[in-house]
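This report describes selected helices and aromatic contacts of one protein model. The sequence and structure are shown first, and the discussion follows.

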Amino acid sequence: PGSKAGQRPSGPVKVHAFWGVRRAAMQAMPEMMPPLPPRKKKRKRRGFLEVFLHKMQKPEVILISVWWFIMLVLVIYMAEMGPILWEVWRPLVFLISIPIIFFGILAFATL
């Protein structure tokens, strides 16, 4: 008996490659197949502020920041710059606030 058009032959299946063997084995024993692993969820890309805060909390960053702050205070004290800084603190605060404001805008924009 021959096969009808659109139907597979009823005789043994010829397999010529590794994938064909695997496919034939999968068709023969579907209940023995291991379950598929669950799909991993896509991780949300971390924002700029989150990455920056993670880097700033490293011990070496904290130590070197404290070191440079102590050096700044000692230089101001040794050079007797305290009264001078007291007189010009308003323009200094203004100059320091400019990069801080832009940093805040950048951090907010990348949330």
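Which residue with a positive phi follows α3? Glu80 follows this helix, and its phi is near 50°. The model is a predicted one, and the values below are computed from it.

Helix α3 spans residues 59-78, which gives 20 residues. From its first C-alpha to its last it reaches 29 Å, close to the 28 Å expected at 1.5 Å a residue. Helix α5, residues 89-109, has 21 residues. Its end-to-end reach between the first and last C-alpha is 30 Å, close to the expected 30 Å.

**Aromatic pairs**

The structure holds 3 aromatic pairs. In one of these, the ring centres of Phe48 and Phe52 lie 6.2 Å apart with an angle of 20° between the planes; because planes under 30 degrees apart count as stacked, this pair is stacked. Both residues belong to helix α2 (residues 48-56), where they are 4 residues apart, about one turn of the helix. In general, an α-helix has 3.6 residues a turn, so residues three or four places apart point the same way.

Phe48 also pairs with Phe103, and this second arrangement is edge-to-face, at 5.7 Å centre to centre and 65° between the planes. Since Phe48 lies in helix α2 and Phe103 in helix α5, the pair ties together parts that are 55 residues apart in sequence. Phe48, Phe52 and Phe103 form one aromatic cluster.

| Residue | Relative accessible area | Class |
|---|---|---|
| Phe48 | 33% | partly exposed |
| Phe52 | 32% | partly exposed |
| Phe103 | 31% | partly exposed |

**Contact between α2 and α5**

How do the axes of α2 and α5 cross? They come within 7 Å and cross at roughly 120°. On the α2 side the contact is made by Phe48, Leu49 and Phe52, and on the α5 side by Phe103, Leu106 and Ala107. By class, this contact of α2 with α5 has 6 nonpolar residues, with no polar and no charged ones. The residues of the aromatic cluster, Phe48, Phe52 and Phe103, are among those that make the contact.

Definitions and conventions: Residues numbered from 1 in each chain as written. Predicted model: local features only at pLDDT ≥ 70, side-chain atom pairs only at ≥ 80, totals over all residues. Heavy atoms only, no water. Helix = DSSP H or I, 4+ residues; strand = E, 2+ residues; numbered from the N terminus. Expected span 1.5 Å × (residues − 1). Phe/Tyr/Trp six-rings, centres within 6.5 Å; stacked < 30°, edge-to-face > 60°. Buried < 20%, exposed > 50% of the residue type's maximum accessible area, 1.4 Å probe, protein only. Axes fitted to C-alpha atoms, helices over the stretch in contact; angles between N-to-C directions. Contact = heavy atoms within 4.5 Å. Nonpolar A, V, L, I, M, F, W, Y, C, P; charged D, E, K, R; others polar.
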